[in-house]
Amino acid sequence: MSAADTRRFESSLSDLGVSLTRTEADEFAATIDSLVTEPAVGVPFEAHDGLSLADTVVETPPTPRLLKAAEVGVTPVGKAVAEYGTLVVDSDPVGTEPVSLYPPTHVAVVRESDVLPDVEAATDYLDGRFAAGGSSVFATGVSSTGDMGALVEGVHGPKHVEVVLITDR
Amino acid sequence: MSAQRKRRRKAERIRHLLETEGDAVHENVTHLNEGRYEAIERFDEFEDLRTQARRIKEDAIENLPDLIDTLRESVESNGGTLYVADDADDANRYITDVVGSKDAETLVKSKSMTTEEIEVNEALEAMGVDVFETDLGEFVIQVADEAPSHLIGPSLHKSREAVAELFNRVFDPEEPFETAEELTEFARDYLGERIRDADVGMTGANFVLAESGTITLVTNEGNARKSAVTPDTHVAVAGIEKIIPNAETLQPFVELISKTATGQDISQYVSMLTPPVDSPTIDFENPDEPLGSGDGERDFHLVLIDNGRTEMREDDHLRETLYCIRCGACANSCGNFQHVGGHAFGGETYTGGIATGWEAGIEGLETTSEFNDLCTGCSRCVNACPVKIDIPWINTVVRDRINGETPPSEFEFLVEGLTPDAEGTVSPQKRFFGNFGTLAKLGSATAPVSNWVAQLGPVRTLMDRYLGVAPDRDLPQFERETLVDWFESRRPRAPNATADRAVVLYPDAYTNYVLTDRGKAAVRTLEALGVHVELGSPIESGRAPLSQGMVRTATDHAEAVAADLDPYLDAGFDVVVVEPSDLAMMRREYEKLLDADSHARLSENSYEIMEYVYGLLSNGADADALAGATVPVAYHSHCQQRTLGVDAYTEAVLEDLGFDIVTSDVECCGMAGSFGYKSEYYELSLDVGEDLHDQFADESDRTLVASGTSCTEQMADLFVRDVTHPVELVAPDGR
Ligand code: SF4
């Protein structure tokens, strides 16, 4: 990660119409609360040092009812690719994949240290994950389709994506 | 059915498709194609990644048996099952067994051409399982009970109005659907419920990584993720050719596929799933239990399908088809496809572009024979393909094989003497067009009588009936004095002692017998720039027979041309070519027809006339020796010229000489060789030409200029005006 990567990430996101909010770990809970509308569902943030949804309005752990009803899903992402504004959503047993997919808005939490310049730079990370049986999704922008005669956003996946960048992690 | 009736039927079907699906296809495909150009323009590494992607696929197909073994180990050690099916029946038997063992009632699918290929929906429905396509385009097709018309946009032949009409009829909503938003929302809710209820999820796979057992799905909607991960049983179906080694070899494809497919920098979702995935199962019947506490274990089956692919792998010409990543760019870049869509190209599953290769390998020649000649060989798809497949060549080979299987016709006598070798099974129409060189020689020798006769009504009727020559198309007017005659009559004949360079000008059949003025202009231009010029022999390059799939005849021509030019090359001459499609023969197609040395020698030493002029001027030749700019011009470069990347030279020369020039950027003029002469394609040819016509609609005060013969003739028909070759603009005045 470099400052240039972060800047590029931000501009790629803005090309995609995805907003980015910068915050520090201390302000994480407050930032999340200011961004989400209820009902919101999230996954436990165990792996993401010092971050927790416990003091927010976001409900955990996810249940099928929450997945169906929630307006917002909050998840961490494994890496981000600055070039395309891509979020690398890692599948895990706590449900990051469905929580990022089902609700109409996905709030993705990215640590600045996880922003990589390009797809090539993400290859080693993916290699390691696949070798261990893991799965990841490159998610870029919002779900969309042109199959009904005009471009429509938000089909089977989220209609809005927002990124929260943790600048001190 | 008589050949003429067949042609009429084909023409009728094409007319019907132009009327019903043409507009929607044109709009959608043009959009995709323009997006592709823009995405590639933004992306510096395109050519490098294409080279890498090509190499990865070559290696992967070469090592396929090993990759399958590696994949089997990794899938099994992950806890899944790999099944390699010989054919469609075998695959369906396995899949229905798996689905049956789950007592499944419903199954949701994400888009997969491979499952279309094996018709798994029918097999599942026969056992009472309800199958739902969750990709919206595929859903539209399923509701309409139609076949996909495009690799990546199965329903792009349907307009919003057509989809609304369909949904209103089938689903009968309280408030009729109108907007794309309403339609999408309905489909999303309808399918969302089906996904939540489904017992089994089925997906295809764009790429399968052997070392880890990871499957990659490239989508925009998110339906593949949901279908794969929501039900606890996942069946993925893919052709064996989809296997590549690992994440490193995946990277170029992730970057390429969306750019060439839809013109997006990257698709919304590139899912890389190593099933059974870690994500918890979702049991919507127990809504308040945490995820994963529901029905438990995930089950994964990867079904790889051979279905003719092993044989394709062993076939020197069809092998390349297996490198295809099904992005659809070849179809999008095709002038005919842009106007009439995939349903006109035929094919059981795949359609347009590379589909000829797929259908020939998977279904057999019969399926490909009916419409594959919609490929005009213009070669615009060649640079579009992210894995550099020579798609026109595959079409040519398949055409050649179909020719070989067709029984001789009762009208043999009409084209008697036109085919020099044993291609006696080739239809009279193909032999007629395939032997243009012989015809031109005859026509010229008997001109102007031959021209008058050819224009006579009864003759045109006969030509239509027996040879399928469109009665409304103007025929080439043969010149009594050929370019060679003219050149021979010039004095002095001694070599130009002061010339810096020596050129042998290749007199193609058109330049020699029909468009002799452009040949004379080429000679005068070269001489004015200080070049000693000689003429080669007027041997047809092989382009005409090649475009009819007559590969042996084409090879004979190629060898004759090479033998004729050989002594000149020995003597240090450069070869200059007027007709771009013949330059393309020497640079590209001769690679397949000649030995490697002859091809290398010819391709390295042959130049298009304006390319050569550009080179002379850049090396200090005196531009003042040429005619100055007089008229403003509207220039259409030729498709093969653009594929070779030599069109820029013409534009540069004209601009340097001060011409006021506008250029067209349409993919194709619609004529491409003999295509527009054929009765069955005449109307389509004009329809494709409309784009060019529109572009130059406001340029009525400009001189029309084109490099290729076909474009010249098509434009003369479209605009009813004279069309000039660029070299005629710059040739010095005088003799
Ligand atoms: S042949 Fe090439 S351009 Fe055509 S679909 Fe396949 S990969 Fe794409």
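Ala, Val, Leu, Ile, Met, Phe, Trp, Tyr, Cys and Pro count as nonpolar, Asp, Glu, Lys and Arg as charged, and the others, Gly among them, as polar. On that basis, the shell around the ligand comprises 12 nonpolar residues, 1 polar residue and 1 charged residue. The model is predicted.

**Ligand surroundings**
- Around the ligand there are 14 residues, of which B:C324, B:C327, B:G328, B:C330 and B:C385 come nearest.

**B:K109**
- Strand β2 of chain B, spanning residues 106–109, contains B:K109.
- B:K109 counts as buried because its relative accessibility is 2%, and buried means under 20%.
- The side chain of B:K109 makes a polar contact of 2.8 Å with the side chain of B:E133.
- Beyond residues up to four places away in sequence, B:K109 touches B:E133 and others, including B:V131, B:F132, B:T134, B:D135, B:M202 and B:S227.
- B:N121 is also touched by B:K109; these two residues are 12 apart along the chain, with 9.4 Å between their C-alpha atoms.

**A:D147**
- In chain A, the loop between β9 (144–145) and β10 (152–153) holds A:D147.
- A:D147 is buried but has no salt bridge, and B:K111, the nearest side chain of opposite charge, is 8.8 Å away.
- A polar atom of the A:D147 side chain lies 2.7 Å from the backbone nitrogen of B:G137.
- Apart from neighbours within four places in sequence, A:D147 contacts B:D135, B:L136, B:G137, B:S155, B:V163 and B:E221.
- B:D135 is in contact with A:D147 and is also touched by B:K109.

Note on methods:
Residues numbered from 1 in each chain as written. Chains lettered and ligands numbered in written order. Predicted model: local features only at pLDDT ≥ 70, side-chain atom pairs only at ≥ 80, totals over all residues. Heavy atoms only, no water. Helix = DSSP H or I, 4+ residues; strand = E, 2+ residues; numbered from the N terminus. Buried < 20%, exposed > 50% of the residue type's maximum accessible area, 1.4 Å probe, protein only. Contact = heavy atoms within 4.5 Å. Polar contact = N/O pair within 3.5 Å; in protein donor to acceptor, adjacent residues only side chain to side chain. Lys, Arg positive; Asp, Glu negative; His and termini not counted. Salt bridge = Lys/Arg side-chain N within 4 Å of Asp/Glu carboxyl O. Near = heavy atom within 4 Å.
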